[in-house]
Amino acid sequence: MTAAYPPARTVEVFEDVAGVRVPDPYRWLEEETEEVRQWQRRQAALATAAVYAGQDPEAVRALIRACDAGSRPALPKYAAGRWFRMVSPPGGPAPVVVVADEPFGAGRTVADLAGSGEGGHPPVVSWLAPAPDGRVLALGLCTDGSEHNTIRLFDVASGRQLGGAPEQVLHSAWAGGVSWLPDSTGFFFLALTGAPEDFRQAVFLHRLGGGTEPEPIPVGAGSREYTLVQMSPGSRWAVAAHRVGSPVPVAVRDLSDPGGAWRPFVTGCSGTVAGHVVGERYIAVTDVGAPRGRVVAIPLDAADPGDPAGWSELVPEGDTVLRSLTPVGEHLYLSEFDRTFARVRILDRSGAVTGEMPLPGRGALAAPFFPLTALATGAPAADFVFAFSTLTSSWGVYRHRPGETEPETLLPPAVVLDAVLEEGAALAPDGVAVPYHVVRGAGGAPAPVLISAYGAANVPLLPQYQPDLAAFVAAGGVLVQAYLRGGGEFGRDWHLAAHRERKHVRDADLVAVAEHLLDTGLTTSDRLALTGGSDGGLMCGIALTRRPELWRAVLPRAPLLDLVGGTRDPYLDFVIRKAWGDPDDPDEVRRLLGLSPYQLVEPGVFPAVYLQAGATDPRCRPWHARKFAARLQAAQRGEAPILLHVFEDAGHGAATAHDVAAAQDAEWLAFLIGTLGLPGVSRPGPT
C-alpha cells in the first residue's frame with residue numbers, strides 16, 4: 001500500500017510559537033494550490049478504491065439509505081397559529097418551505113429554493129424563522145456545505161422572495177439565525193463583519209423596508225464569540241445571551257424605551273445561565289452554585305443582576321443534570337439527563353413543577369449541538385412538539401399538550417435495529433467510573449466493536465439514533481458509545497474535569513474504556529475500531545499515535561489535528577484559547593505539542609486509518625487531515641493502509657448536502673466492513 005500513496009514532499013519550515021521552535025514539514029499542504037488539489041484528488045481516488053475493494057458498493061449504499069430513512073427530521077417552527085417546515089422532495093433539485101395549520105400538515109409552499117444551489121447539489125436551509133405575525137419568513141441558505149449562509153426573506157401570502165435582505169454573511173446557524181422583534185418590524189442577527197476566514201462577528205439590527213445597522217451590545221469590541229438576542233411576545237425586554245457553549249445573559253434592553261440603551265446584566269460569570277425572557281424575569285437553567293444545574297429567576301430590572309444572591313431558586317439541584325428550558329404556551333418544559341437518558345418536567349410560568357411528561361423510551365430528545373442555539377425558540381407554541389429517538393430506534397416526532405397524560409405521535413420511528421442496549425462502565429486511572437452504552441445484535445464475543453466518543457466543549461453525547469452508527473450495527477458490528485469527561489452529560493464538574501490543562505483526562509478515559517472492553521472479552525485489539533469527529537477527531541489522532549496497538553482501525557472525521565498550526569487560523573485560535581490553552585505561553589505551547597496528533601507522529605506500526613474531511617469546512621479546515629495523512633503515511637512501518645478522502649462540497653457536517661453526506665457515510669462504513677471483517681450487509685427492519 002505504501003508505494004501507491006501519492007508522493008508528498010517535505011519542506012524546511014519551522015514555526016516560532018512563543019519562542020518554541022516547531023518543525024512543520026508538510027506546511028505546503030495548507031495551501032489551496034493546484035498541486036495540493038491534484039494530490040488531494042489522488043488520495044481520494046485511492047481511498048475509494050481501497051475501501052470498496054472486494055465489496056459491493058451498491059449494497060453498502062443501500063444500507064446507508066435504509067438507515068437514513070430514520071434520520072432526525074427538521075422540526076417545524078411556529079408563528080401566528082401556523083407551522084413552517086422545510087421539505088426536501090425525493091429526488092427534487094431543492095428544498096421548499098411549506099406552511100400548514102398542523103405541524104406536519106400538507107400545507108402550501110411559501111419558499112421555493114430551486115436554482116439556489118451550486119456544484120450540482122441543492123442548497124441547504126441552515127435555519128428558518130417566521131415573523132411573530134406570520135407574514136414574513138426569514139431563512140438562511142448555504143450553497144457550498146461550509147455553513148456560511150445568507151438571509152433570504154419571503155412574503156408568506158404570495159411566496160415571493162422579498163428584496164432588501166441584509167447582505168452580511170452568517171458564519172453558521174449557531175446563533176439561531178435571526179431573532180424577530182415582537183412587533184415583526186425587524187430582527188436582530190449575528191453576522192461576520194469581514195471575510196469569513198477573519199472570523200469577526202457582530203450583532204446587527206435589520207428593519208423591514210429599512211436598513212441594517214450594527215447593534216451596540218456591550219460584549220466587547222471585535223468579539224469572536226457568538227451572541228443571540230432573545231425576546232418574548234408580551235414582554236418589553238430584550239436579552240443578549242453570549243457564549244455558544246456556556247451562555248450567559250450579558251446585557252438587557254427595555255424595548256419600550258425608544259432611546260433606551262443596552263445595559264450590563266449578568267457579567268463576570270464563568271458558568272452557564274441559559275434561559276428565556278418570561279414577563280419581567282429571566283428564567284434560566286444555571287450551574288452557578290449547582291454543578292448539575294438548578295432553575296432560577298432573575299428580575300430583568302434588578303439593580304445587581306450579576307449577584308446570585310439576588311436570584312430566586314425555582315427548581316433546586318437534584319440527581320439529574322438539568323440542561324435546557326423550552327417555552328410552551330404558559331408553561332416551561334425542563335429537559336434533563338438521567339444517566340444520559342432524557343427526562344422532561346413541566347413548569348408553570350411561576351416556576352413551579354406541575355408534572356412530568358412521559359417519553360416513548362430510554363433515549364434522547366433532539367437538541368442543538370450547543371446550548372446557545374437552543375435559546376432561539378421564536379414565538380412559543382401552545383404545544384410541545386419534539387423529536388425523540390434511542391440508540392436502537394430511529395427518530396419519531398411527538399406532540400404534548402400541557403395537562404394531557406401521553407404525547408401524541410405525529411411521525412413514528414422509521415427504523416428499529418435488531419439489537420439490544422446494555423450499560424457498562426470502565427474505571428479511569430484516577431478511579432472515576434466512565435460510563436458507556438453497548439448496542440449489539442445476536443452475535444457472540446469477541447465481536448467487531450466500534451467506539452464512538454467525543455468528550456469536549458460541554459457538549460453531551462446523547463443516547464440517540466445516528467444513521468451511520470446504526471448502519472454499522474445493522475452490518476453486524478457492536479457499537480460502544482462512551483461518555484468521556486469533557487462532555488456535558490453529567491454536569492459542569494464532568495466538563496471541567498477534562499478542560500484546558502486537564503484535556504489529557506479525556507484521552508485517559510478513552511483508553512480506560514478500550515482496555516476494559518478487551519479485559520472483559522467483548523472484543524480483541526484486532527477487532528476494535530475508534531471514531532470521532534471534530535474535537536473527537538483530535539481524540540482519534542491522539543489515540544492512534546500514542547496507543548496504536550489498541551486499535552485495528554481509527555476513523556477521524558472532520559478532524560482537528562494540528563493544535564499549533566490551528567492558532568494561525570482565527571477561528572481555531574479562538575477555540576484553542578478557550579478550550580486548550582494559551583499559545584502565547586511557552587509552557588502551554590509545549591503542553592499543546594504533547595496533545596497535537598500531527599506533532600506526535602513518529603515512525604512506527606499504526607492501525608488502519610481512514611481520514612475523512614470536507615473541502616469547504618471552515619472549522620477544521622481540510623489541511624489538518626492532509627498534513628496528518630502525509631506524515632502518517634511516511635511514518636507507517638506496518639502493512640495497514642493510511643487513507644484520506646477530502647470530499648468536495650462538504651463542510652463540517654451541518655450544511656453538507658444530503659447526497660454528499662450519504663457518499664461520505666457509505667465510504668466510511670465500507671472501510672469498517674472490510675477492515676473489521678463484518679459478517680455482511682443487511683438492512684434494518686421497519687417499525
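Which residues in α2 meet which residues in α13? Here are some notes to get you started, with that one answered in point 2.

1. A word on ground rules. This is a predicted model, in which local features need pLDDT of at least 70 and side-chain atom pairs count only at pLDDT 80 or more, while totals for chains, interfaces and linings use all residues. Residues are numbered from 1 along each chain as its sequence is written, and side-chain values use heavy atoms, with hydrogens and water left out.

2. Start with the opening question. On the α2 side the residues are V60, R61, L63, I64 and D68, and they meet H658, A662, D665, A666, L669, A670 and I673 in α13. Contact here is heavy atoms within 4.5 Å. Helices are DSSP runs (H or I, at least four residues), strands likewise (E, at least two), both numbered from the N terminus. By class, this contact has 8 nonpolar, 1 polar and 3 charged residues. For the classes, Ala, Val, Leu, Ile, Met, Phe, Trp, Tyr, Cys and Pro are nonpolar, Asp, Glu, Lys and Arg are charged, and the others, Gly among them, are polar.

3. Now the geometry of that pair. Two packed helices are described by the angle between their axes and the distance between the axes. Helix α2 (residues 57–68) packs on α13 at about 120°, with the axes 9 Å apart, so α2 is oblique to α13. Axes are lines fitted to C-alpha atoms, for helices over the stretch in contact, and angles run from 0 to 180 degrees between N-to-C directions. Under 35 degrees counts as roughly parallel, over 145 as roughly antiparallel, 65 to 115 as roughly perpendicular, and the rest as oblique.

4. From α1 come A47, T48, V51 and Y52, which meet A666, E667, A670 and F671 in α13. This contact splits into 6 nonpolar, 1 polar and 1 charged.

5. Helix α2 has another partner to look at: helix α4 (residues 467–474). Their axes come within 9 Å and cross at roughly 125°, so α2 is oblique to α4. This crossing is right-handed. L63, I64, C67 and D68 in α2 meet P467, A470, A471 and A474 in α4, a contact with 7 nonpolar, no polar and 1 charged residues.

6. Next, the cavities. A cavity is a set of points on a 1 Å grid over the protein atoms alone where a 1.4 Å probe fits but cannot get out, and lining residues have an atom within 4 Å of a point. Grid points are joined across faces, edges and corners, and a volume is the space filled by probe spheres set on the points. There are 6 cavities of 30 Å³ or more.

7. The largest cavity has a volume of about 170 Å³. Its lining has 17 residues, with T272, D287, L322, R323 and N458 nearest the centre. Strands β21 (281–286) and β24 (321–328) are the elements that give two or more residues to this lining, and β24 gives the most, with 3 residues. The lining divides into 6 nonpolar, 7 polar and 4 charged residues.

8. The second largest cavity holds about 60 Å³ of space. Of its 11 lining residues, H121, P122, T143, G145 and A657 are closest to its centre. By class, there are 5 nonpolar, 3 polar and 3 charged.

9. Finally, two backbone spots. Most residues other than glycine have a negative phi, and most peptide bonds are trans. The peptide bond from A445 to P446 is cis, with omega near 0°, and P446 sits in the loop between β33 (433–440) and β34 (449–452). A18 has a positive phi, near 55°, and is found in the loop between β1 (14–17) and β2 (20–23).

Definitions and conventions
1 Å grid on protein atoms, 1.4 Å probe; cavity = no way out; pocket = protein on both sides within 12 Å on 5 of 7 lines; lining within 4 Å. Left-handed = near helix turned anticlockwise from the far one by under 90°.
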